[in-house]
Amino acid sequence: MEMEKKLCDKLLFDALSSLLQFNTIDKLTVSDIIKEAGVSRSTFYRYYCDKHDLLNSNYEKILENTLYRFKEGVKWEDAVYSIYHVIKINLKLFQNAFKSSDVNSLKNYIFNMSRTFHLEILEKNGVNIREWKNIKVLESYIYGNLEIMQIWILEGMDESIEDMMEVFDRGIPSEFIKYFKPSS
């Protein structure tokens, strides 16, 4: 069963990736995706709720191989660089994914995943993550970065990853920077 899911994941995400080269996620239908993937509708819905769930689930796999490696001891700069590098390699896909304003959009998913990720790091380091000011400072940082990142992606990522990382790093709240960039 696990092998079947992996194969379906690959077929469906490859189909979605291919279709996102030419259309926004909002213009695609599950029918488009399953036709491109060569899988049945029931197979799609066995694993995913909708097209956004498919996209977001696969983005989470990307996170596991990039940004989340920070939790395993990879340097913050390397983990962040790796996620932006994947986005740049798949620029058209991400541009067409970020054009959605659906409640289940990739942008909203990234906000929620980033919030959870950062809160886990802060909590691990003894920060009171239930204090509303800490939460709002963190959310402001994440939301601001996400807005700038979306613009950067939609405009073609012309600025270098390193330059954008420098911009994003400058926005890390001073009280939290030591948990993400211990050498600072």
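What covers the buried residues of helix 1? I'll come to that in a moment. First, a caution: this is a predicted model.

Start with the whole chain. It has ten helices and zero strands. Along the principal axes, the C-alpha atoms fill a box of roughly 50 × 35 × 30 Å.

Now burial and surface. Of the 184 residues, 48% count as buried. The accessible surface comes to about 10000 Å². Carbon and sulfur atoms hold 53% of that surface. On contacts, take those with a separation of 6 or more: residues 24 or more positions apart account for 65% of them.

Back to helix 1, residues 2–19. At 1.5 Å a residue, its 18 residues should span 26 Å. The end C-alpha atoms are 25 Å apart, which agrees. Its buried residues are Cys8, Asp9, Leu12, Phe13, Ala15, Leu16, Ser17 and Leu19. And the cover? It includes helix 2, helix 3 (41–47), helix 4 (51–65) and helix 6 (91–98).

Next, the loop between helix 1 and helix 2 (30–37). Threonine 24 sits there. Is threonine 24 buried or exposed? Its relative accessibility is 17%, and the cut-off for buried is under 20%, so threonine 24 counts as buried. Leaving aside neighbours within four places in sequence, threonine 24 is in contact with Asn96 and Lys99.

On to the core. In soluble globular proteins, nonpolar side chains tend to be buried together. Here the largest nonpolar core has 64 residues. Which of them touch the most other members? Tyr84 and Met149 do. Helix 7, residues 106–124, gives this core its largest share, nine residues. Look at tyrosine 84 itself. Not counting residues up to four places away in sequence, tyrosine 84 touches Met149, Trp152, Met157, Ile161, Met165 and Phe168.

Beyond four places in sequence, glutamate 123 touches Ile129 and Arg130.

Terms used. Residues are numbered from 1 along each chain as its sequence is written. This is a predicted model: local features need pLDDT of at least 70, side-chain atom pairs count only at pLDDT 80 or more; totals for chains, interfaces and linings use all residues. Side-chain values use heavy atoms; hydrogens and water are left out. A nonpolar core is a set of buried Ala, Val, Leu, Ile, Met, Phe, Trp, Tyr and Cys residues joined through side-chain atoms within 4.5 Å. Buried means under 20% relative accessible area, exposed over 50%, partly exposed in between (1.4 Å probe, protein chains only). Helices (H or I, at least four residues) and strands (E, at least two) are DSSP runs, numbered from the N terminus. Contact means heavy atoms within 4.5 Å. The expected span of a helix is 1.5 Å times one less than its number of residues. Accessible areas come from the Shrake-Rupley method with a 1.4 Å probe; for residues, only the protein chains shown count as cover.
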